[in-house]
Amino acid sequence: MKTRITELFGIEHPIVQGGMHHVGLAELAAAVSNAGGLGIITGLTQGTPEKLTAEIERCKSMTDKPFGVNLTFLPSLTPPDYPGLIQAIIDCDVKIVETAGRSPQEYMTQMKDAGIKVIHKCTSVRHALKAEEIGCDAVSVDGFECAGHPGEDDIPNFILLPRAAEELKIPFIASGGMADGRSLVGAMALGAEGINMGTRFIVTEDAPVHDNVKQAILKATELDTRLIMRSLKNTERVLINDAVERLIDKENELGSELQFDDIREEVAGVYPKVMKNGEMDSGAWSCGLVAGLIHDIPSVKSLVDRIMTEAEDIINKKLAGFIG
Ligand SMILES: Cc1cc2nc3c(=O)[nH]c(=O)nc-3n(C[C@H](O)[C@H](O)[C@H](O)COP(=O)(O)O)c2cc1C
């Protein structure tokens, strides 16, 4: 399949692995890139320019294909050293950055001067248009189904993707709820030129996370995610567990009075405990509705191959068969 996305990033298949805190390590990024997709290392998991440099070098030792780095801009009292992280990306000669969280505007000159292609992940058409305006090369349009932060508009991909197609000139990929060949063909029918997957890539042999995480997603259905932190305007879709139930009880009790400190125990420092140690009830962690479509733990390579074969079958046989 050849799309503006495969051309832009120099990849074989239009499949991207979105940044994932404590999941998007070199092993997963390299596996996705080796399978012909675009793997992405999660910058903030490394935290400092030195550690990010080491992780990028580790990834380079595992693949000679293109891969990217995710930079998530979060509200923070002590913000990470973003210019330093970007300098590390530039010095390591990585040419693709996925930005998320808020507009990357203030860092665009630094990235563009270094020849970096920027794909901005966002959850609304207005933010996608802003990304286009400030010179992003592509957008990852993240629908309400997605794991992590779906924004506050609650527009699912069946509406969001064609709306993006109506407005955008730069290419975009569909993010949120993507799992298989059906997702890819559906997304492309709605105007996308590829897909971004998070949750699906966690449940693979190559994802460097505790097996408990993979088993929890396998067991989950599309009914098992919850939206938290809405009243803080920082909505996150997470897998239900004891800590999340406790957090939701606090939200119901405190309503608009809720402060971040009230739920700190359920959300701060959770990712290493879950992803590394497999302590599944230690707090809230992102998971998409797509959990309902995940039924096995393939290698990344066989997952990507399966998606492409299934997509081609749907286009050439199933859909073509409906005509005439
Ligand atoms: C465990 C987990 C952690 C994530 N961490 C980040 C992150 O740090 N930065 C980011 O931009 N997106 C993050 N995401 C979102 C993904 O990159 C992607 O946009 C999302 O998973 C797409 O929805 P899907 O899970 O339905 O495929 C995370 C997702 C998951 C499942």
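Modeller: Let us begin with the ligand, which 29 residues surround, the closest being Gly18, Ala100, Gly198, Thr199 and Gly288. A residue is near a molecule or strand if its C-beta atom, placed from the backbone, lies within 6 Å of it. Strand S3 (67-72), strand S8 (195-197) and helix H10 (199-202) are the elements that give two or more residues to this shell. Helices (H or I, at least four residues) and strands (E, at least two) are DSSP runs, numbered from the N terminus.

Colleague: On what basis do these residues rest?

Modeller: This is a predicted model, in which local features need pLDDT of at least 70 and side-chain atom pairs count only at pLDDT 80 or more, while totals for chains, interfaces and linings use all residues. Residues are numbered from 1 along each chain as its sequence is written.

Colleague: How do the residues of the shell around the ligand divide by class?

Modeller: The shell has ten nonpolar, 15 polar and four charged residues. Here Ala, Val, Leu, Ile, Met, Phe, Trp, Tyr, Cys and Pro count as nonpolar, Asp, Glu, Lys and Arg as charged, and the others, Gly among them, as polar.

Colleague: Into which domains is the chain divided?

Modeller: Domain bounds come from an automatic or database domain assignment. The chain is divided into domain 1 (4-204) and domain 2 (211-289), and the shell around the ligand draws at least three residues from each of them. Taken over C-alpha atoms, the centres of domain 1 and domain 2 are separated by 23 Å. In the contact between the domains, 17 residues of domain 1 meet 16 residues of domain 2, two residues being in contact if their C-beta atoms, placed from the backbone, lie within 7 Å. The side of domain 1 that touches domain 2 has six nonpolar, nine polar and two charged residues.

Colleague: What describes two packed helices?

Modeller: Two packed helices are described by the angle between their axes and the distance between the axes. Axes are lines fitted to C-alpha atoms, for helices over the stretch in contact, and angles run from 0 to 180 degrees between N-to-C directions. The axes of H12 (residues 242-254) and H13 (residues 260-267) come within 9 Å and cross at roughly 170 degrees. H12 and H13 are therefore roughly antiparallel to each other; angles under 35 degrees count as roughly parallel, over 145 as roughly antiparallel, 65 to 115 as roughly perpendicular and the rest as oblique.

Colleague: Which residues make the contact of H12 and H13?

Modeller: H12 supplies Ala243, Arg246, Leu247, Lys250 and Leu254, and H13 supplies Asp262, Ile263 and Glu266. By class, this contact has four nonpolar, no polar and four charged residues.

Colleague: At what angle do H9 and H15 cross?

Modeller: The axes of H9 (residues 181-189) and H15 (residues 300-322) cross at roughly 55 degrees and come within 7 Å, and the two helices are therefore oblique to each other.
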